[in-house]
Number of protein chains: 2
Amino acid sequence: MKFKTITWEKGKIVLIDQTKLPGCLVYVRCATVKQLWQAIHDLKVRGAPAIGAAAALGMVLGLSKKNEKSFPELKKNIDMLFKYIASSRPTAVNLAWALGRMRNTAVANRNKPVMAIKKLMLKEAGDIIDEDKASCLAMADNAQVLIRKNDRIMTYCNAGMLATVGCGTALGVIYRANELGKNVKVYSCETRPLLQGARLTCWELYKHKIDVTLICDNMAGYLMQQKRINKIFVGADRIAANGDAANKIGSYSLAVLAAFHKIPFYVVAPYSTFDLSLSLGSEIPIEERDACEIREGWYKRSMVAKGVKIYNPAFDVIPNSLISGIVADTCLIKPPYIKNIKKLRKNQN
Amino acid sequence: MKFKTITWEKGKIVLIDQTKLPGCLVYVRCATVKQLWQAIHDLKVRGAPAIGAAAALGMVLGLSKKNEKSFPELKKNIDMLFKYIASSRPTAVNLAWALGRMRNTAVANRNKPVMAIKKLMLKEAGDIIDEDKASCLAMADNAQVLIRKNDRIMTYCNAGMLATVGCGTALGVIYRANELGKNVKVYSCETRPLLQGARLTCWELYKHKIDVTLICDNMAGYLMQQKRINKIFVGADRIAANGDAANKIGSYSLAVLAAFHKIPFYVVAPYSTFDLSLSLGSEIPIEERDACEIREGWYKRSMVAKGVKIYNPAFDVIPNSLISGIVADTCLIKPPYIKNIKKLRKNQN
């Protein structure tokens, strides 16, 4: 691995500023929770598993500034930090999942001294990071039955090293395939408005010598019609109990196009991305972001006449009926999803 | 109308430089055929009917610099200009259609003095412009049976006043609907890489007080899923004898999404956009444009790591099976297209 998406260094969270890629590989140091909140909100760090890890470290960072005398005092600060950090982005469930793990660690050790609890919480954040690395490798392995030599795979947004602390979700699958000599070729959709596909996916795949070609999002259907791709792998930000999966806006369109062209469409996501409290994808909150991302975005001038309305939903939900399989870290999940995801829950309990 | 897309002024072709919109409304004067070729190639003027009109005037402009002594000499120059101007862009058939009309005018009057032939050719270019205006109005009227009060219409790229010398093809339909009090609301896809939807369609609709909302291309499926739109109208660059229609890249994806959501998808194009010499859409040449349009485009820096491959097809073909109706200037064409387009040809002969 040639870079580190997130690390904990001398009491600070160090992140690649992904808004500066591919031009500059710049790291930012978050010394306060507010800086971390802003980094997540501004997409300096993004990707469901990565912001889960960042949130866990954010909890540690926040508590490091406090000097609580008792568990109830500590618990109050933990709850406050939970609420604050979780508010940075609404769709990816990994944020709340990681923060929940941190809180549970504290609660389970409530009878220990505050300093000891905080040490255990730092260890828990470290575990979340280590588990994410292992989970990426597990997904990469679990997906290999789906990949043949010379496959031409389309991917969307960035579900790679930059979206996790490991080798990625959807891109981890591709890295592993090519380590195994499968010679997979990738088409990356640029992913408007913020171009995570163009800026991040192409950057990390190219750095790792994967054959990658960039297209605009609106070219995906044409490529399918021309039989230039034969599989699609994407990540996810939250998966409901029925298998409906929220992912970067445009994923739904891609899944419909794939179904029309009979191209298998796979979602790759760790167990931490499943939100089993939601029975349907329609219950997943969809983040709406500022119009300026479309109006100006990376341009240096407004590309739209003043006064024109702009709609900027950041995610959409792929219904389970359009998903050929969900590659989790625990196993490869095939339809019927409600039944097979229920089994997953049992195994985890 | 608040602006003139193309005019002939004192022996020069005056065009809106559409690459400067929406920031500045700037006109460029083409004093040579080379300048016109470049303006078409660089998309300063674009849209099938508009470049047809520009090409006709380009022929006049080219001949105005010559001093032929005989018809064979004139004919040689006409053929040269035809070939040269037609090479500026390969997909829109209106270019060759307009140049063909200009050549036919010359041939039909071959026995007249060269100067008289040139005068008739200038008149012919004027006729092409006048007919385009009339044809836009006819399409706008022919489409009204398809539009109900409060329709929410999605459109793509720019098929408006900027793409014609009249009120537009797909957008002409919308202007007319709202003149008739239908209160149509429009969603405009931004149309990567060159953002004709964001820059041009939103600009001209907003200027004409049409309720328009801009989205990224990858949001179209989500809007359909959410039932925010109920009809789609697009233009076309070339229509084969079976009704397959080439249009801006992404139109095919949109048509597949529309079919999946059972949303009617209409193509609006004048008779000059039909190429009855082609029996299938697959025979339409697809222009591939420079990678820099995606890599840098309107950005001031490269948004992709150096070395990454980029694929930039400028058009795709919507198969007739995904088209609910073709609104032509002559009539509204419904399936079966092969039969009904053949009828059209008969009526024209």
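Modeller: A salt bridge is a side-chain nitrogen of Lys or Arg within 4 Å of a carboxyl oxygen of Asp or Glu. Please keep in mind that this is a predicted model. In chain B, the side chains of Asp79(B) and Lys75(B) form such a pair, with an N to O distance of 3.0 Å.

Biologist: How many residues apart are Asp79(B) and Lys75(B), and in which helix do they lie?

Modeller: They are four residues apart, about one turn of the helix, and both belong to helix 3 (residues 71-86) of chain B. Asp79(B) counts as partly exposed because its relative accessibility is 29%, and Lys75(B) is likewise partly exposed at 24%. Elsewhere, in chain A, salt bridges that share partners join Arg89(A), Glu287(A), Arg289(A) and Glu293(A) into one network.

Biologist: Which parts of chain A does the salt bridge between Glu124(A) and Arg101(A) tie together?

Modeller: Glu124(A) and Arg101(A) form a salt bridge with their closest N and O atoms 2.8 Å apart. Glu124(A) lies in helix 5 (residues 114-142) and Arg101(A) in helix 4 (residues 94-108), so the pair ties together parts that are 23 residues apart in sequence.

Biologist: Are Glu124(A) and Arg101(A) buried or exposed?

Modeller: The cut-off for buried is under 20% relative accessible area. Glu124(A) is therefore buried, at 15%, and Arg101(A) is buried as well, at 18%.

Biologist: With which side chains does the side chain of Asp275(A) make polar contacts?

Modeller: The side chain of Asp275(A) makes a polar contact with the side chain of Arg238(A) at 2.7 Å and another with the side chain of Ser277(A) at 2.6 Å. Asp275(A) lies in strand 11 (residues 274-275) of chain A and is buried, with a relative accessible area of 10%. Leaving aside residues up to four places away in sequence, Asp275(A) touches Val93(A), Arg238(A), Ile239(A), Ala240(A) and Ala241(A).

Key
Residues are numbered from 1 along each chain as its sequence is written. Chains are lettered from A and ligands numbered from 1 in the order in which they are written. This is a predicted model: local features need pLDDT of at least 70, side-chain atom pairs count only at pLDDT 80 or more; totals for chains, interfaces and linings use all residues. Side-chain values use heavy atoms; hydrogens and water are left out. Helices (H or I, at least four residues) and strands (E, at least two) are DSSP runs, numbered from the N terminus. Buried means under 20% relative accessible area, exposed over 50%, partly exposed in between (1.4 Å probe, protein chains only). A polar contact is a pair of N or O atoms within 3.5 Å; within protein, one must be able to donate a hydrogen and the other to accept it, and residues adjacent in sequence count only if both atoms are side-chain atoms. Contact means heavy atoms within 4.5 Å.
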